[in-house]
Amino acid sequence: MFYICPRCFKLAKYGEKKCKYCGFDFKEISSEEYSSKLIKALEHPDHNVAVVASNIIAKLGIKSEEKLIKRLIELLQEKKDPYLESAIIKALGEVGSKKAYAFLIKNKGNFSVISEREIEKAINKIKSKMDRNN
Ligand SMILES: [Zn+2]
């Protein structure tokens, strides 16, 4: 599993105490702060960084947080490259909420062809999570 350094946005291995690139001490980040940093990384001009951030959000299963979901949806509404779009959809599927579900259902025809499978997966994932909570 990987982390992303909130200072330099390079990858760090899970369990490392400090960023080996910039020396940032990972103990200094709370999970709330970390999710804000990831949101920032999503907006990084280098799309590779944004894709990594989306993958991390998906992998870490970051707690479903209104702010994060709102931002993921906003990013999907902006024009993005299709790989980033797929990565964001995947992240949205992992953190998903009723709002994310409604958005994906409503907009599923508006994304690129390569995102089609991710959309179906994300919708199913959120749906089964909602079913479990009922
Ligand atoms: Zn760093």
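**View 1. F9 sits in the loop that joins β1 (2–4) to β2 (11–13).** Strands here are DSSP runs of E, at least two residues long, and helices are runs of H or I, at least four, all numbered from the N terminus. This is a predicted model: local features need pLDDT of at least 70, side-chain atom pairs count only at pLDDT 80 or more, and totals for chains, interfaces and linings use all residues. Residue numbers start from 1 along each chain as its sequence is written.

**View 2. What surrounds F9?** Leaving out residues up to four places away in sequence, F9 touches I4, A41, H44 and V49; a contact is two C-beta atoms, placed from the backbone, within 7 Å. F9 counts as buried because it has 21 C-beta neighbours inside 10 Å (buried is 20 or more other C-beta atoms within 10 Å, exposed is 12 or fewer, partly exposed is in between, with C-beta atoms placed from the backbone).

**View 3. Helix α3 has a buried side, made up of L68, L72 and L76.** They lie on the same side of α3 because they cover an arc of only 75 degrees around the axis, taken from the directions from the helix axis to the C-beta atoms. An α-helix has 3.6 residues a turn, so residues three or four places apart point the same way.
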